[in-house]
Amino acid sequence: MPNEQNSNALKLRPKDSRQHATAGPYSPVLEVEARRLVVISGQVAVDSDGSVIGETIEDQARATLQNCVTQLGSASCTLSDVFKVNIYLTDLSHWQRFNSVYESMMPEVLPVRTAVQAGLLPGFLVEVEMWAVKAS
């Protein structure tokens with residue numbers, strides 16, 4: 001993939017980075033100028049009163065990523081500032097469906113990421129944690 005540009009010049013994909021043809025929406029490697037890091041703990045599809053949001057992976061992915069947006073915003077960051085994402089799925093067969101939502105919400109330059117199957121708290125299909133770099 002080419003080295004895309006985004007609004008956060010603190011992270012970039014090296015021009016010679018490569019990934020396989022079946023790779024999903026992520027960068028294989030990023031260079032990050034770490035002035036200030038913002039790290040959010042794992043977010044799930046839960047509203048402010050503690051109720052689970054959604055029953056499908058798509059609904060929970062959207063709500064989970066929106067909760068990430070909220071937490072990042074509290075530190076004056078956006079999804080554009082994210083350079084590392086860890087994704088925990090209760091069922092890896094949901095991977096492509098999760099990716100569809102993720103790709104529609106995540107701006108370029110896409111973060112590096114890891115995804116694993118995990119046992120989550122009852123009712124949750126996905127949990128996401130993020131690392132971001134803040135300009136100042």
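Select aspartate 91 and serine 93: their side chains are joined by a polar contact of 2.8 Å. A polar contact here is a pair of N or O atoms within 3.5 Å; within protein, one must be able to donate a hydrogen and the other to accept it, and residues adjacent in sequence count only if both atoms are side-chain atoms. This is a predicted model, in which local features need pLDDT of at least 70 and side-chain atom pairs count only at pLDDT 80 or more, while totals for chains, interfaces and linings use all residues. Residues are numbered from 1 along each chain as its sequence is written, and side-chain values use heavy atoms, with hydrogens and water left out.

Stay on aspartate 91. It sits in the loop between β4 and α2. Helices (H or I, at least four residues) and strands (E, at least two) are DSSP runs, numbered from the N terminus. Aspartate 91 is partly exposed, at 32% relative accessible area. The scale is this: buried is under 20% relative accessible area, exposed is over 50%, and partly exposed is in between (1.4 Å probe, protein chains only).

**The salt bridges**

How many salt bridges are there? The count comes to 2, where a salt bridge is a side-chain nitrogen of Lys or Arg within 4 Å of a carboxyl oxygen of Asp or Glu. Side chains of opposite charge can pair when their charged atoms come close.

Select arginine 97 and glutamate 58. Their closest N and O atoms are 2.7 Å apart. Arginine 97 belongs to helix α2 and glutamate 58 to helix α1, so this pair ties together parts 39 residues apart in sequence. Arginine 97 is partly exposed at 36%. Glutamate 58 is also partly exposed, at 24%.

Next, pick aspartate 59 and arginine 62. This salt bridge is 3.9 Å, N to O. The two residues are 3 apart in helix α1, which puts about one helical turn between them. Aspartate 59 is partly exposed at 38%, and arginine 62 is partly exposed at 42%.

**The helix pair**

Show α1 and α2 together. Two packed helices are described by the angle between their axes and the distance between the axes. Here the angle is about 35° and the axes are 9 Å apart. Axes are lines fitted to C-alpha atoms, for helices over the stretch in contact, and angles run from 0 to 180 degrees between N-to-C directions.

Colour the residues that meet. From α1 take Ile57, Glu58, Ala61, Arg62, Leu65 and Gln66; from α2 take Arg97, Phe98, Val101, Tyr102 and Met105. Contact means heavy atoms within 4.5 Å.

Move along α1 to asparagine 67. Is asparagine 67 buried or exposed? It is buried, with a relative accessible area of 17%. Beyond its neighbours within four places in sequence, asparagine 67 is in contact with Gln43, Val44, Ala45 and Val46.

**Two backbone stops**

Go to serine 76, in the loop between α1 (57-74) and β4 (82-89). Its phi is near 60°, a positive value in a residue other than glycine. Serine 76 is exposed, at 59% relative accessibility.

Finish at the peptide bond from glutamate 108 to valine 109. This bond is cis, with omega near -5°. Valine 109 lies in the loop between α2 (95-105) and β5 (112-117).
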